[in-house]
Amino acid sequence: MLDLDQMKQQWAEHDRKLEEMIRLNRQLLSMTNLNGARSALQRMAAFLGVGAIVWFAIVAALGSFIYANIGIPRFALPAGLLDVFAIAMLSANIRLMATARQIDYAQPVTSIQKQLANLRRLRIRITQWALIAGTVVWAPAAIVACRALLGIETYSVAWLLANVVFGLSLIPLSLWASKKFGDRMGQSPFMQQLMNDIAGRNLTKAQNFLAELSEFESETT
Amino acid sequence: MTTPALQEKFQILVDEHKKILYKVCYSYCRNRDDREDLAQEIIVQLWRSFASFDGRCRFSTWMYRIALNVAISFYRRESTRTRHVLSDDEKVLNAIDETENRSAEMQALYEFIDGPEPLNKALILLYLDGNSYSEIADVVGITETNVATKISRLKQTMREEFRA
């Protein structure tokens with residue numbers, strides 16, 4: 001086995017050979033290709049941007065619904081609750097988007113990796129809270145949607161309670177399913193990510209990486 | 001500077017430093033298609049950031065920072081990524097998969113770099129590439145003393161492993 005300094009000498013030899021061995025595909029570096037391509041972070045920011053537009057449309061539609069039903073508390077209140085949820089989701093999307101856009105990859109590695117891990121942690125926490133809140137706001141959402149889209153009145157205390165209980169029971173169920181099947185969703189990266197977010201695996205990974213970064217930066221360890 | 005002029009400058013600089021691209025991709029990806037995906041992601045990020053490159057640091061330092069940041073992120077999300085196979089026209093570095101051109105020693109070197117976790121991997125790569133402690137500190141974002149300590153510890157670990 002070689003030591004690191006012997007490896008360094010071999011590496012320098014390898015470096016000299018590399019110059020002749022590799023060719024850069026200049027065609028791929030043409031303006032059309034470069035300007036059309038999006039980095040992973042830009043794709044994420046674009047996805048969040050679409051999400052923000054959708055949530056803004058929901059907030060606006062709910063505002064209009066509340067205005068039309070202002071004198072009917074049994075509709076205005078659930079719509080108000082939904083509106084709070086939609087505004088929170090809109091703010092979360094904008095916050096994530098703004099954070100993602102501020103990341104400058106030309107900064108030192110530890111600084112950028114810390115920012116990325118914090119962004120990942122924030123995104124996972126938002127997903128977890130959105131899913132928990134989503135199971136609760138499901139009932140008011142059904143009331144508002146039935147009224148606004150179909151003109152049907154589904155409102156009754158028993159119905160409301162049944163749906164809240166149903167929604168809450170989905171929390172442990174989705175947690176169990178995510179823990180059990182999250183790792184087996186290899187064919188669908190999106191589903192795998194979502195299930196690992198719910199199960200808390202991705203949050204643990206992000207936190208462990210942040211701890212790893214702190215340890216790496218520390219001079220005593 | 002106009003966009004075509006900027007692009008011309010970018011192409012020249014990246015071509016001059018293409019070895020950084022090659023070595024980072026090889027150090028962070030074992031799979032050939034993943035290496036190509038990573039090379040493309042690095043190129044895209046380099047171009048996106050190029051307009052803000054002000055020359056205050058060396059181009060190689062700037063390129064290392066971006067390439068390593070993209071590679072570490074890529075490495076960390078690799079397990080949840082959708083893989084796709086690229087045609088030859090889509091490949092950034094035409095010799096990026098020429099493992100057959102590599103000697104057994106080089107293969108062993110890349111295997112050694114493949115071992116540690118992503119942050120130490122960056123440190124080893126920068127050290128083997130002949131960067132000074134100050135340059136490594138600048139790219140990684142830790143103090144020069146810390147770089148020296150970590151390199152010395154890596155050497156020690158290797159010696160102990162060798163003795164064992």
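In the predicted model, 64% of the contacts in chain A between residues at least 6 apart in sequence join residues at least 24 apart. Of the 221 residues of chain A, 23% are classed as buried. The radius of gyration of chain A is 25 Å, whereas a compact globule of 221 residues would have a value near 17 Å. Along the principal axes, the C-alpha atoms of the chain occupy a box of roughly 80 × 40 × 35 Å.

The secondary structure of chain A comprises eight helices and zero strands, and the order along the sequence is accordingly written α-α-α-α-α-α-α-α.

The packing of two of these helices was examined in detail. Two packed helices are described by the angle between their axes and the distance between the axes. For helix H5 (residues 109-150) and helix H6 (residues 157-181) of chain A, the axes come within 9 Å and cross at roughly 155°. Because angles over 145 degrees count as roughly antiparallel, H5(A) and H6(A) are therefore assigned a roughly antiparallel arrangement. The crossing in which H5(A) passes H6(A) is right-handed. On the H5(A) side, the contact is formed by A:Leu131, A:Ile132, A:Thr135, A:Val136, A:Trp138, A:Ala139 and A:Ala142. The H6(A) side contributes A:Leu160, A:Asn163, A:Val164, A:Gly167, A:Leu168, A:Leu170, A:Ile171 and A:Ser174. By residue class, the contact of H5(A) with H6(A) consists of eleven nonpolar and four polar residues, with no charged residue.

Methods:
Residues numbered from 1 in each chain as written. Chains lettered and ligands numbered in written order. Predicted model: local features only at pLDDT ≥ 70, side-chain atom pairs only at ≥ 80, totals over all residues. Axes fitted to C-alpha atoms, helices over the stretch in contact; angles between N-to-C directions. Helix = DSSP H or I, 4+ residues; strand = E, 2+ residues; numbered from the N terminus. Parallel < 35°, antiparallel > 145°, perpendicular 65-115°, else oblique. Left-handed = near helix turned anticlockwise from the far one by under 90°. Contact = placed C-beta atoms within 7 Å. Nonpolar A, V, L, I, M, F, W, Y, C, P; charged D, E, K, R; others polar. Rg over C-alpha atoms; globule rule 2.2 N^0.38 Å. Buried ≥ 20, exposed ≤ 12 C-beta atoms within 10 Å, placed from the backbone.
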